[in-house]
Amino acid sequence: MAITGRITLAPDRITFANRASLPLEPAGEVAGFLAEGQRVTATLYRVTEPGNPVLLRGSRLCGNGRPVRAIAVWQPPPIGNTAPGQGRSLAAFSGTAPPKGADDPGSCGTFHYELPAAPRGRR
């Protein structure tokens with residue numbers, strides 16, 4: 001969150017807290033995607049216009065200045081008291097080969113998010 005702020009992920013675009021965005025197109029699923037020592041199923045997106053937008057406090061997804069070409073998204077295992085399905089993880093890649101894991105060549109970094117809590121009703 002410190003780098004991207006809250007994100008909105010749609011099949012055709014990822015939008016960051018400062019309204020910067022990258023256009024996407026679904027590129028399939030990667031079964032057995034290696035993330036933090038665990039195999040998960042990740043959804044892969046191709047960035048249709050590779051870029052590396054300025055995010056919060058001047059940060060970027062790829063600190064090396066290279067354009068983001070692919071994004072993988074998966075549901076991580078729960079941490080602590082969080083219920084299953086309450087988080088998402090995202091890895092950005094500048095390489096041209098489809099990634100098989102979060103640490104593949106061209107990896108820019110991995111980002112973790114918690115889904116917003118459901119609003120509580122009035123009492």
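## Overview

Two residues are in contact when heavy atoms of theirs lie within 4.5 Å. By that criterion, among contacts in the protein chain between residues at least 6 apart in sequence, 46% join residues at least 24 apart. The structure described here is a predicted model.

The protein chain has 123 residues, and 36% of them count as buried. Its accessible surface comes to about 7600 Å², and carbon and sulfur atoms account for 50% of that surface. The protein chain contains seven strands and zero helices. Read from the N terminus, the elements therefore run β-β-β-β-β-β-β.

## The sheet

The seven strands form an open sheet in the order β1-β2-β3-β4-β5-β6-β7, with antiparallel pairing. At the edges stand β1 (8-10) and β7, each with a single partner strand, so one side of each has no neighbour in the sheet. From one strand to the next, the twist averages 30°.

## Strands β2 and β3

Strand β2 covers residues 13-15 and pairs with β3 in the antiparallel sense over three bridges.

Leu24 of the pairing stands opposite Val47 in β4. Phe33 has Val40 in β4 as its bridge partner, and Ala35 has Gln38 in β4. Between β3 and β4 there are two residues, and the two strands form a hairpin.

Most residues other than glycine have a negative phi.

Is Glu36 buried or exposed? A residue is exposed when its relative accessible area is over 50%. Glu36 has a relative accessibility of 63%, so Glu36 counts as exposed.

Arg57 has its place in the loop between β4 and β5. The phi of Arg57 is near 50°, again a positive value in a residue other than glycine. With a relative accessible area of 69%, Arg57 is exposed.

## Ser89 in strand β6

Ser89 is found in strand β6, which spans residues 87-93. Why does Ser89 count as buried? The cut-off for a buried residue is under 20% relative accessible area, and Ser89 counts as buried because its relative accessibility is 0%.

Which residues are in contact with Ser89, leaving aside its neighbours within four places in sequence? They are Ala72, Val73, Trp74, Pro76, Phe111 and His112. With His112 there is also a polar contact: the side chains of Ser89 and His112 are joined at 2.7 Å.

Ser94 has its place in the loop between β6 and β7 (107-114). Its relative accessible area is 9%, so Ser94 is buried. Leaving aside its neighbours within four places in sequence, Ser94 is in contact with Cys62, Asn64, Arg66, Pro67, Arg69, Gly106 and Cys108.

Note on methods: Residues are numbered from 1 along each chain as its sequence is written. This is a predicted model: local features need pLDDT of at least 70, side-chain atom pairs count only at pLDDT 80 or more; totals for chains, interfaces and linings use all residues. Side-chain values use heavy atoms; hydrogens and water are left out. Helices (H or I, at least four residues) and strands (E, at least two) are DSSP runs, numbered from the N terminus. Buried means under 20% relative accessible area, exposed over 50%, partly exposed in between (1.4 Å probe, protein chains only). Accessible areas come from the Shrake-Rupley method with a 1.4 Å probe; for residues, only the protein chains shown count as cover. A polar contact is a pair of N or O atoms within 3.5 Å; within protein, one must be able to donate a hydrogen and the other to accept it, and residues adjacent in sequence count only if both atoms are side-chain atoms. Two strands pair if DSSP finds at least two bridges between them. Axes are lines fitted to C-alpha atoms, for helices over the stretch in contact, and angles run from 0 to 180 degrees between N-to-C directions.
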